[in-house]
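This report describes selected features of a predicted model.

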Amino acid sequence: MADYPVQLRRYYAYYTVGFFIFIGTLAVLEQHGMPPRWIGYSFLFLTIFLYATIGVLARTASVSEYYVAGRRVPAVFNGMATGSDWMSAASFMGLAGTLYLSGYQGLAYVMGWTGGYVLVALLLAPYLRRFGQYTIPDFLAARYGGNLARLVGVFATILASFVYVVAQIYGVGLITSRFVGLQFEVGVFVGLAGILVCSFLGGMRAVTWTQVAQYAILIVAYLVPVTILSYQVSGIPVPQLTYGQVLQKVQDMEERIFDDPAEIDARHRFRERADGYHDRILALPDSLEEEQRSLSVRIDDLKGSNAQMREVATLERQRRELPKSSDEARSYWEGLMHQAAQRGTAPDHHLTPYPGKGDAVNDGARVNFLSLVFCLMVGTAALPHVLMRYYTTPSVREARNSVFWSLLFILALYLTAPAYAAFAKYEIYTSLVGSSMAQLPMWVNSWGKIGMVSIEDINGDGILQLAELSLNPDVILLATPEIAGLPYVISGLVAAGALAAALSTADGLLLTIASALAHDVYYKIFRPQASTQWRLVVSKSLLLVVAVLAASVASQKPATILFMVAWAFSLAGSAFFPALILGIFWRRATSAGAVSGMVLGLLVTIYYMVRVHFDAIPWLGIHGIGMEPWLGIQSTAAGVWGVAAGFLTIIVVSLCGRPPSQETQDFVESVRYPEFDHC
């Protein structure tokens with residue numbers, strides 16, 4: 001056992017050196033004419049093959065190995081695996097894009113996520129490791145007694161993890177559709193195969209060692225492009241130190257671009273378009289009938305004038321896609337109105353904190369910033385797939401140390417994300433904005449084909465204004481090498497890193513969902529006498545079903561990656577954080593209080609999230625459900641209400657009932673003050 005960490009370090013050192021040799025080989029082949037698509041194939045499929053090989057080699061039939069990797073993962077490697085598990089598609093792809101679009105406001109994600117790990121280290125990880133067992137519902141059942149707390153915990157685990165895993169599979173679909181040329185919906189399911197091959201065969205054991213390998217790939221992929229950019233722009237290859245100079249240049253360019261007459265005109269035209277949609281909404285249902293008649297007349301006129309069939313087909317498609325009812329038209333046109341209004345709004349400066357017009361709006365932005373930081377912190381401290389990682393260490397001390405290593409490994413990415421945003425914005429301002437529409441770079445067309453970049457010359461001057469450029473935030477990091485004109489091998493490297501980030505988190509999430517269903521429901525409640533082999537069969541079968549369902553939802557592109565992830569954190573925080581904290585530090589917390597608090601906190605969060613973000617849910621036939629945010633807090637921070645409701649409910653209900661049994665209070669003491677610290 002003493003040689004085990006030494007052997008691991010040697011194996012992963014060989015692996016990392018081999019990966020650098022692989023990158024160098026592809027770079028040489030690109031210079032000798034290797035087609036870009038083959039570079040994309042090489043990065044994506046060979047890295048998936050590598051993960052599959054680790055998954056096969058780490059396959060196991062042991063319950064302990066499958067659920068908690070045999071509790072023998074050293075702190076450093078558990079820190080790497082946790083970092084990889086944590087740095088999902090949201091951190092890898094979404095964070096840089098959000099900082100690009102939101103500037104200062106995007107720092108809420110950096111502060112919330114890193115602050116959450118401080119809560120994990122101080123309040124949860126050591127105590128959960130002392131408890132042992134396999135899952136978070138295991139702890140809830142042991143602390144609060146009975147299966148009701150376990151079942152509520154299972155439901156919350158599945159809900160939060162499912163929303164999170166949909167975001168990861170969505171990211172996989174983006175990568176495969178762009179760099180391999182697959183249709184987005186097909187790319188989602190191709191990426192799913194790479195996800196399943198690790199978690200399906202070896203559970204936590206395979207996922208852990210695959211995630212260590214994925215961390216090496218994703219951190220190299222994240223740092224290399226921005227380091228090259230830093231050297232090109234400033235002459236110093238340390239982007240974390242030089243991006244402040246670039247931000248000053250960006251600020252100067254913003255002053256010039258925002259005040260440009262053509263830019264002001266473009267934004268005015270978008271506002272006029274938004275007003276037009278508003279008028280259509282007010283005139284329903286007559287405006288819908290008029291729109292249908294207008295398109296029919298234009299189609300007939302084109303057919304009569306022997307126009308090109310492409311123009312006729314475009315109008316016929318628009319007519320087919322028109323809403324069929326007034327409710328559908330209202331939802332559809334409201335979406336287009338908000339898009340046009342957003343593009344018509346004067347942009348915020350990158351460095352402006354809490355931007356807005358007037359003190360009231362600034363205060364609202366500040367409240368949203370702090371609320372989001374709070375939700376991300378408590379969500380981080382309550383995510384089941386992250387907390388499960390601390391069951392895998394040999395001891396309590398190793399669990400605490402692994403939190404330190406997790407933070408250290410995550411720090412490398414989080415310190416670099418603001419630099420990515422700054423350099424990407426600098427490149428777009430200097431090389432794209434103000435360009436001729438007829439001579440736009442190839443990457444605009446490539447990403448436009450999958451709906452991630454939109455260009456519209458609304459003022460017809462043939463020049464691209466900033467308002468006429470719409471970028472999905474999820475594309476910023478993946479497109480940065482192409483935006484900066486770097487070799488395509490760098491683009492392939494970034495894609496491989498993004499894939500590693502998405503796959504590693506998706507593996508952990510799917511395993512968490514399957515474990516909750518197979519271990520906490522099937523084994524603990526319905527069939528305690530089930531054999532080890534049958535328990536693993538059930539777990540793997542459920543994992544497959546959940547994975548296919550998540551891929552089906554992801555293929556519908558429900559929202560941006562960071563939005564979905566923020567929702568998952570709010571759900572996890574409102575369901576688990578009050579019950580876990582009070583369960584560990586307050587002996588008076590009762591089963592009735594915990595169950596009531598978890599249910600009410602979750603319901604409040606879901607209610608607020610749905611009504612603030614959605615005005616309609618067409619596939620359920622629901623329309624007109626939108627409401628104004630309470631205190632201006634957006635849906636991404638919905639958990640602030642759920643966490644408050646959870647804490648209050650648990651405390652009130654617990655104080656109104658009988659105290660927990662002496663056995664339960666002794667259990668709390670044993671978790672907080674064990675006789676031996678080497679369990």
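## Surroundings of Ser 574

Leaving aside neighbours within four places in sequence, Ser 574 is in contact with Gly 597, Gly 601, Leu 602, Thr 605, Gly 642 and Val 643. Ser 574 belongs to helix H23, which spans residues 561-585.

The relative accessibility of Ser 574 is 1%, so this residue counts as buried, the cut-off being under 20%. A polar atom of the Ser 574 side chain lies 2.9 Å from the backbone oxygen of Ser 570.

## Nonpolar cores

The largest nonpolar core comprises 197 residues, and Trp 86, Phe 92 and Trp 113 have the most contacts inside it. Helix H9 (residues 184-234) supplies the largest share of this core, 20 residues. Another core, of nine residues, lies apart from it and includes Tyr 277, Leu 284, Leu 288 and Ala 340.

When residues up to four places away in sequence are not counted, Trp 113 touches Trp 86, Ala 90, Ser 91, Leu 95, Leu 376, Thr 380, Tyr 414, Leu 562, Val 565 and Phe 569.

## Packing of H4 and H21

Two packed helices are described by the angle and the distance between their axes. For helix H4 (residues 75-86) and helix H21 (residues 488-526), the axes come within 7 Å and cross at roughly 100°. H4 and H21 are therefore roughly perpendicular to each other, a description that covers angles of 65 to 115 degrees.

At this crossing, Ser 84, Asp 85 and Trp 86 of H4 meet Ala 501, Ser 504, Thr 505 and Gly 508 of H21. By class, the contact has two nonpolar, four polar and one charged residues.

Technical notes. Residues are numbered from 1 along each chain as its sequence is written. This is a predicted model: local features need pLDDT of at least 70, side-chain atom pairs count only at pLDDT 80 or more; totals for chains, interfaces and linings use all residues. Side-chain values use heavy atoms; hydrogens and water are left out. Helices (H or I, at least four residues) and strands (E, at least two) are DSSP runs, numbered from the N terminus. Buried means under 20% relative accessible area, exposed over 50%, partly exposed in between (1.4 Å probe, protein chains only). A polar contact is a pair of N or O atoms within 3.5 Å; within protein, one must be able to donate a hydrogen and the other to accept it, and residues adjacent in sequence count only if both atoms are side-chain atoms. Contact means heavy atoms within 4.5 Å. A nonpolar core is a set of buried Ala, Val, Leu, Ile, Met, Phe, Trp, Tyr and Cys residues joined through side-chain atoms within 4.5 Å. Axes are lines fitted to C-alpha atoms, for helices over the stretch in contact, and angles run from 0 to 180 degrees between N-to-C directions. Angles under 35 degrees count as roughly parallel, over 145 as roughly antiparallel, 65 to 115 as roughly perpendicular and the rest as oblique. Ala, Val, Leu, Ile, Met, Phe, Trp, Tyr, Cys and Pro count as nonpolar, Asp, Glu, Lys and Arg as charged, and the others, Gly among them, as polar.
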